[in-house]
Structures are given as structure tokens and as C-alpha cells.
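This report describes the fold of a single chain for a reader new to it.

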Amino acid sequence: MSTSGKVAVAGVAAAIVLFWTVGFWAGLLVLIGVPAAAYLLLDSSQRRRLRGISRKQIGR
């Protein structure tokens, strides 16, 4: 299995555990809020570079 496949499986497993332990809405808030906060913490040049990279190249 590829690295991105393993990350996807781990993400789904983490989401299921999170939904089960804290509830649907709180889990959804965490699953959307954490990546959004991480993106907002990036410098403007880092955001520009991240937007320029295709999805296939992010895992490199």
C-alpha cells in the first residue's frame, strides 16, 4: 500500500474514533478546524508554494 493510502486509512480510522468519543459535531469541528488553523499559521510565501504544488507532489 502506498504512503498516501496509509495516511487515508489512518485518517478515516481517526475520524471514526473521534466521532465515537466526542460526538459528531465536535469531531467534525476538530477534523475541519485543525487543518484550517494549520493553513492559517503558514507564512504567505509558504501558502503560495503550497497552492502551487499539485496534490501528487505534497507527499514527497
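In this predicted model, helices α1 and α2 cross in a right-handed sense. Helix α1 and helix α2 pack at an angle of about 140 degrees, and their axes lie 7 Å apart. Angles over 145 degrees would count as roughly antiparallel and 65 to 115 as roughly perpendicular; α1 and α2 are therefore oblique to each other.

| Helix | Residue range | Residues in the contact |
|---|---|---|
| α1 | residues 3–22 | Ala15, Leu18, Phe19, Val22 |
| α2 | residues 24–40 | Phe24, Ala26, Gly27, Leu28, Val30, Leu31 |

Sorted by class, the contact of α1 with α2 comprises nine nonpolar residues and one polar residue, with no charged residues.

The chain as a whole may now be considered. Its secondary structure consists of four helices and zero strands, and the order of elements from the N terminus is α-α-α-α. The chain has 60 residues, of which 3% count as buried. Its accessible surface amounts to about 5300 Å², and carbon and sulfur atoms account for 68% of that surface.

Key. Residues numbered from 1 in each chain as written. Predicted model: local features only at pLDDT ≥ 70, side-chain atom pairs only at ≥ 80, totals over all residues. Heavy atoms only, no water. Axes fitted to C-alpha atoms, helices over the stretch in contact; angles between N-to-C directions. Helix = DSSP H or I, 4+ residues; strand = E, 2+ residues; numbered from the N terminus. Parallel < 35°, antiparallel > 145°, perpendicular 65-115°, else oblique. Left-handed = near helix turned anticlockwise from the far one by under 90°. Contact = heavy atoms within 4.5 Å. Nonpolar A, V, L, I, M, F, W, Y, C, P; charged D, E, K, R; others polar. Buried < 20%, exposed > 50% of the residue type's maximum accessible area, 1.4 Å probe, protein only. Areas by Shrake-Rupley, 256 points an atom, 1.4 Å probe, with all protein chains shown as cover.
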